[in-house]
Amino acid sequence: MRRRPTSPRSHTRLSFTGALAAAALALVFAANAEAKTVKVTLTAKEVDLPIDNKGTMHHSWTYEGQVPGPVVRITEGDTVEFALHNLSENKNSHSIDFHAARVDAATQFAPVKPGETKEFAFKADYPGVFFYHCGSDPMIQHIARGMFGVIIVDPKDPKALPKADREYVLIQSEIYPNPEDVKAMMHNDWSNVAFNGVAFKYDPMHDPNAEKVLEAKPGERVRIYFVNAGPNEFSGFHAIAGIWDAVYPSGNPKNVMHGMQNLSIAPGDAATFDLVSPVEGANALVTHSMRSALSGAVAILMFNKDADPNLGRGDQILVR
Ligand SMILES: [Cu+2]
């Protein structure tokens, strides 16, 4: 039996396929090489913090003594080796629930007693913007008292989203007049709704004691990582005098909507909002639920040519 000669054409095709396979393998290795293991430690701290611009203090329960807790930022594919330490001087058990993690809720998200530490690991397989919060009983109180934050999982493909010129984190939550009163929380009887823990924190237009605004230049793409910590109120996130150029529910580049005026963000949900202003002047970022906005859930985003170059970059994406 005569062997069929290999035609130059099929030979070429084989080589081409081989080259493709090699390139694909190289890409896989490159992607694996980029995936990192990131160590994150958060310490639960029960501390007094202001809940308004006048300096009214509440006894808050926090991650790292801050409301919201620190921004955790990783890249899709990374493995997070996480540790939660609960200070021995705290009076309560605390825990963490990362919405970016797929683990066993009963063990990994379980309460940690004062003086103890819990460690677990998870791989961040989905890019986006995710809520994290304490899940200890009663969860409604642990969230209302300040145990919440954001984990941003950047897409591993840097071109998956248009490049942002500035980025800001805004986390909506309710403030209850008496942080000991769980019954009032169950009745949704809040006094204020805040962005980043303080009513009217970035709104000197409505509160003369406010000292900060968010800033950007006209034409810049401003990306807002928005989380609704609740624990109860829905948010209708809107830019007064602006239009969201793109909105990504849960921050995943595959979930994209354009030209949006508002997107409802349920308690425990998050989304990424892109805004580009063609003009100078102010936008007011609000929940369009008016009782919430008029009690503190407003952030002024000022567009001007002399915008502070540090704002919306580095550790200034969450303006403290
Ligand atoms: Cu807690």
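Two strands pair if DSSP finds at least two bridges between them. The legends below use that term for a predicted model.

**View 1. Strand β19 is mostly covered.** This strand spans residues 298-303. Five of its six residues are buried, and buried means under 20% relative accessible area.

**View 2. Strand β11 pairs with β19 in the parallel sense.** Strand β11 holds residues 214-216. Three bridges link β11 and β19. Look for E215, which stands opposite M302 in β19.

**View 3. Strand β18 pairs with β19 in the antiparallel sense.** Strand β18 covers residues 281-287. Here the pairing runs over six bridges. Find M302 again: this β19 residue is the bridge partner of A282. So M302 stands opposite E215 and is also the bridge partner of A282, with at least two bridges needed for each strand pair.

**View 4. Six strands form an open sheet.** Read across it in the order β10-β9-β12-β17-β14-β15. The pairing is mixed. Strands β10 (192-195) and β15 (257-260) are the edges, and each pairs on one side only. On average, neighbouring strands of this sheet are turned by 25° against each other, direction ignored.

Key: Residues are numbered from 1 along each chain as its sequence is written. This is a predicted model: local features need pLDDT of at least 70, side-chain atom pairs count only at pLDDT 80 or more; totals for chains, interfaces and linings use all residues. Side-chain values use heavy atoms; hydrogens and water are left out. Buried means under 20% relative accessible area, exposed over 50%, partly exposed in between (1.4 Å probe, protein chains only). Helices (H or I, at least four residues) and strands (E, at least two) are DSSP runs, numbered from the N terminus. Axes are lines fitted to C-alpha atoms, for helices over the stretch in contact, and angles run from 0 to 180 degrees between N-to-C directions.
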